[in-house]
Amino acid sequence: MCHVIVTCRSILWTLLSIVVAFAELIAFMSPDWLLGSPRSDTSVRSAGVDSREYRPSLGLYSRCLHVGTWAKGLSCGPYANTFGEVASGFWQAAMLFLAAGTLVLGVVACMSIFTMCFQSILKKSIFNICGLLQAIAGLLLMVGLMLYPAGWGSEKVISYCGPEALPFRPAQCSLGWAFYAAIGGTLITFLCAVLSAQAEIATSSDKVQEEIEEGKSLICLL
């Protein structure tokens, strides 16, 4: 019989697991990892970019530019058509680690939804399994984020940030919201790994067992 067990700690863990998976996915796909040096008509007129000063953005594999005579909108899209065209080897490695971490988080997010009905699989706690996976995902994301600034010395970054750009030194560029979102998501991932243990304790408490013995199929506890 399926017992739906809902507690504050388990719901909090489930919601955070879903939110962090989406946050990392959105950050990974965003072009707003680096905000380039300010551009004007004198520097990019030949490229047909808006004469008003603006800051282009550069992501792991995509970028955003103002294009057209009047620059009524942004032109965003991938600058790399293949994995080999990504700006640097460090960014390629970072993408692999970040993608792997995000994939693991996506799997955990799906599993977390079913923990309300199924708390164990093959006599192993799903919460403990998910917590371990989240810790692994956090490590993968952390390695990816450490590799990312090592690629700031690539030609692509130099074209956005100026000739002074070096590994771990973005020169005239500044970090965009996507980078901070990825860092925040990584920290929350480790928090989720800790909360998974609390969710396990909450759903296997004596109060829950008493409710099950009373024959209740829907159990809600604070």
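Reader: How do the axes of helix α3 and helix α4 cross?
Author: In this predicted model, the axes of α3 (residues 89-114) and α4 (residues 126-147) come within 8 Å and cross at roughly 160°. Axes here are lines fitted to C-alpha atoms over the stretch in contact, with angles from 0 to 180 degrees between N-to-C directions; helices are DSSP runs (H or I, at least four residues) numbered from the N terminus.

Reader: Parallel or antiparallel, then?
Author: α3 and α4 are therefore roughly antiparallel to each other, a label for angles over 145 degrees.

Reader: Nice. Which residues make the contact?
Author: On α3 they include Phe 90, Phe 97, Leu 105 and Met 111, and on α4 they include Ile 126, Leu 133, Leu 140 and Leu 147. Contact means heavy atoms within 4.5 Å.

Reader: Switching topic: which residues touch the most other members in the largest nonpolar core?
Author: Trp 33, Leu 34, Trp 91, Tyr 148 and Val 157, out of 32 residues. Such a core is a set of buried (under 20% relative accessible area, 1.4 Å probe, protein chains only) Ala, Val, Leu, Ile, Met, Phe, Trp, Tyr and Cys residues joined through side-chain atoms within 4.5 Å.

Reader: And which helix gives the most to this core?
Author: α3 does, with six residues.

Reader: What does Tyr 148 touch?
Author: Trp 33, Leu 34, Leu 60, Trp 91, Ala 94 and Phe 179, leaving aside residues up to four places away in sequence.

Notes. Residues are numbered from 1 along each chain as its sequence is written. This is a predicted model: local features need pLDDT of at least 70, side-chain atom pairs count only at pLDDT 80 or more; totals for chains, interfaces and linings use all residues. Side-chain values use heavy atoms; hydrogens and water are left out. Helices (H or I, at least four residues) and strands (E, at least two) are DSSP runs, numbered from the N terminus. Angles under 35 degrees count as roughly parallel, over 145 as roughly antiparallel, 65 to 115 as roughly perpendicular and the rest as oblique. Buried means under 20% relative accessible area, exposed over 50%, partly exposed in between (1.4 Å probe, protein chains only).
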